[in-house]
Amino acid sequence: MSFDLDLKLPGPEALAVAEKELRETEENVKDALAKLRTYLEEDKTLHFGMDDEFLIIFLRPCKFYAKSAYELMRRVAEFKEKNSSILKNLMPNDEEELITKHNVVNVIKERDHKGRRILVVQCGKNWNTSAVNSDQIFRLFYLIHELAMLEPETQIYGTIVILDFEGLSMKQVMAITPNFCMKLLNFIQDAMPLRLKEIHIVKQSLLFNMVWQMIKPFVREKMKNRIFFHGNKMSSFHNYIPASYLPENYGGELPKINYTSADWYPVLLKYEDKIKQWNTYGFRQ
């Protein structure tokens, strides 16, 4: 598989999942699009794209309930405004060094057995905290989500995240600040128009408990039910994603990951126009 977005229209299998899990029928789509447009036309404070393709990005994670999609769009606008100091006019070249020289965040080229995109975050020894701070990592998450939500099949099947804590030391623990944790939780629980299906925490040591105890009180029940802890037991991880869909790094049968975020950087540049457009959305200025 190449380094690029998968922008093809959903195939029959994806559409079957969309109908079953997201209420995506011709009638529901037509009705939801009309209602969502009405909400947006009546709300003079918001500015978002109004074409079908764009609105479906918000309708799919909300199972084609127009009011829920509208409320999600408002939360996206609120989140962008609240975090404008790090998100305003954010472009890939703002974090070029992080992406091309520090392999902290990566996307596995292959999808898993359920068609989901897999994001890998190196939270341990691979994260050089003296060169890369948590705000930069968050900015990269944000850029990646802007591209992921453009993929129709990712909108349907969703995404999963692997948090790899191998070699975690106090340096990384200190860098995972309460402010970063709250920002990240606010984003994924309230302001991310993607279906985050599972978070897998692997290779964590006892030191990780310090991080988890700080985050745990703010993780809602729905999200808690999607977080799984495996330590070094890859067989436990394989209960969720079969070894045949994982790289050797995680006890899988696929080759060891031999690429980094640097290989994905040209993709971010290729879709800069989409990112620039997203930067204009939110509350009207």
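At what angle do helix 4 and helix 10 pack, and how far apart are their axes? I get an angle of about 160° and axes 10 Å apart for helix 4 and helix 10 (residues 178–190). I take axes as lines fitted to C-alpha atoms over the stretch in contact, with angles from 0 to 180 degrees between N-to-C directions. Helices here are DSSP runs of H or I, at least four residues, numbered from the N terminus.

Helix 4 is therefore roughly antiparallel to helix 10 (over 145 degrees; under 35 is roughly parallel, 65 to 115 roughly perpendicular, the rest oblique). I noted the contact (heavy atoms within 4.5 Å): Leu72, Arg75, Phe79 and Lys82 of helix 4 with Lys183, Asn186, Phe187 and Asp190 of helix 10. By class, this contact has 3 nonpolar, 1 polar and 4 charged residues. I count Ala, Val, Leu, Ile, Met, Phe, Trp, Tyr, Cys and Pro as nonpolar, Asp, Glu, Lys and Arg as charged, and the others, Gly among them, as polar.

Next I looked up helix 2 (residues 26–42) against helix 4 (residues 66–82): their axes come within 9 Å and cross at roughly 40°. Helix 2 and helix 4 are therefore oblique to each other. From helix 2, Ala32, Lys35, Leu36, Tyr39 and Leu40 meet Ala66, Lys67, Ala69, Tyr70 and Met73 of helix 4. I find 8 nonpolar, no polar and 2 charged residues in the contact of helix 2 with helix 4.

On provenance, this is a predicted model, where local features need pLDDT of at least 70, side-chain atom pairs count only at pLDDT 80 or more, and totals for chains, interfaces and linings use all residues. Residues are numbered from 1 along each chain as its sequence is written, and side-chain values use heavy atoms, with hydrogens and water left out.

Notes. Helices (H or I, at least four residues) and strands (E, at least two) are DSSP runs, numbered from the N terminus.
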